[in-house]
Amino acid sequence: MSEPTTAAGAPASARPPQAQESGALSVRVSLAGNLNRRRLARGWSLRELSAATGVSKGLLSQIERAEANPTVDVLVRIADVLGTNCTDLLRQPLLEPEIIRAATLDEPEDETSVNLLYSGHEQARMEIYRTRLHPHAQSQVSSHGTDSVEYVLVMSGQVTLVVNDVPYLLEAGDTARFSAQCSHYYTTEDSPAVTHTVVGYPRD
């Protein structure tokens with residue numbers, strides 16, 4: 001049996017202990033924030049959530065402080081009571097845009113090709129936009145709310161996506177996904193550009 005590998009192709013067991021702990025901490029922090037937000041959205045105290053789930057108040061408090069590693073059984077019980085699932089409870093925020101360059105896609109000239117760009121299930125409502133930007137233009141500065149995600153595909157031209165004041169140059173065919181709760185906008189230089197964007201909103 002082959003050894004499990006990371007996305008970079010290196011054996012998972014070869015990852016330094018510090019990297020493994022950093023990854024585990026990142027997941028605990030995401031769980032802590034997601035659980036706290038969902039609990040408060042229902043107006044529940046830790047005591048009330050404990051009574052509804054059968055999970056001790058102490059353990060719930062540790063989870064919300066990112067100090068505990070709850071079992072799958074505990075996560076399922078919490079998710080069921082909060083009307084969600086384990087994947088949503090463990091969902092990690094997009095800390096910076098994920099960009100896929102058109103030039104990196106596998107698209108042979110003599111055959112049809114299909115490339116999966118992004119996959120997600122956390123959004124329940126979405127909005128689709130087509131935008132045409134004139135030369136030396138800037139779109140409106142936007143922010144779409146907590147846990148919203150924006151996807152952009154550059155149809156033609158060249159645009160600069162600016163997220164939290166950090167610029168990302170996108171060419172025709174490039175795509176990006178980023179946290180739409182961050183302040184963001186698009187700009188052009190000497191040529192016009194056309195983009196298609198999709199904004200996804202969370203279920204709750």
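## Stop 1: Glu 171

Select Glu 171, which counts as partly exposed at 36% relative accessibility; here buried means under 20% relative accessible area, exposed over 50% and partly exposed in between, with a 1.4 Å probe and protein chains only. The model is a predicted one, in which local features need pLDDT of at least 70 and side-chain atom pairs count only at pLDDT 80 or more, whereas totals for chains, interfaces and linings use all residues. Residues are numbered from 1 along each chain as its sequence is written, and side-chain values use heavy atoms, with hydrogens and water left out.

Glu 171 belongs to strand 5 (residues 166–171); helices (H or I, at least four residues) and strands (E, at least two) are DSSP runs, numbered from the N terminus. Leaving out residues up to four places away in sequence, Glu 171 touches Arg 101, Val 154, Gly 157 and Gln 158, a contact being heavy atoms within 4.5 Å.

## Stop 2: the whole chain

Colour the model by secondary structure. Five helices and eight strands make up the secondary structure of the protein, and from the N terminus on the order is α-α-α-α-α-β-β-β-β-β-β-β-β. Of the 204 residues, 36% count as buried. Among contacts between residues at least 6 apart in sequence, 70% join residues at least 24 apart. The accessible surface is about 12,100 Å², and 52% of this surface belongs to carbon and sulfur atoms; the areas come from the Shrake-Rupley method with a 1.4 Å probe, and for residues only the protein chains shown count as cover.

## Stop 3

Select strand 7, residues 184–187. His 184 and Tyr 186 point one way from the strand, Tyr 185 and Thr 187 point the other way, and all are buried.

Next, select Ser 139, placed in the loop between strand 2 and strand 3. Is Ser 139 buried or exposed? At 17% relative accessibility, Ser 139 counts as buried. Neighbours within four places in sequence aside, Ser 139 is in contact with Leu 133, Tyr 185 and Tyr 186.

## Stop 4: helix 4

Select residues 72–81, which form helix 4, and show the side chains of its buried residues: Val 74, Leu 75, Ile 78 and Ala 79. Viewed down the helix axis, the buried residues of helix 4 fall within an arc of 130 degrees, so they line one face of the helix; the arc is that of the directions from the helix axis to the C-beta atoms. An α-helix has 3.6 residues a turn, so residues three or four places apart point the same way. The face of helix 4 turned away from the buried side carries the exposed residues Val 72 and Asp 80. Just after helix 4, Gly 83 takes a positive phi of about 70 degrees.

## Stop 5: Glu 64

Move to Glu 64 in helix 3 (residues 57–64). Glu 64 is buried, with a relative accessible area of 16%. Its side chain makes a polar contact of 2.7 Å with the side chain of Arg 39; a polar contact is a pair of N or O atoms within 3.5 Å, where within protein one must be able to donate a hydrogen and the other to accept it, and residues adjacent in sequence count only if both atoms are side-chain atoms. Not counting residues up to four places away in sequence, Glu 64 touches Ala 32, Leu 35, Asn 36, Arg 39 and Leu 46.

## Stop 6: the salt-bridge network

Finally, select Arg 37, Arg 38, Asp 88, Arg 91 and Asp 147, which are linked in a network of salt bridges. A salt bridge is a side-chain nitrogen of Lys or Arg within 4 Å of a carboxyl oxygen of Asp or Glu, and by this rule the count comes to 10.

Asp 88 and Arg 38 meet at 3.9 Å, N to O. The pair links distant parts of the chain, with Asp 88 in helix 5 (residues 86–89) and Arg 38 in helix 1 (residues 17–41), 50 residues apart. Both Asp 88 and Arg 38 are buried.

Asp 147 and Arg 91 form a salt bridge at 3.2 Å, N to O. Asp 147 lies in the loop between strand 2 (123–133) and strand 3 (149–156) and Arg 91 in the loop between helix 5 and strand 1 (98–100), so the pair ties together parts that are 56 residues apart in sequence.
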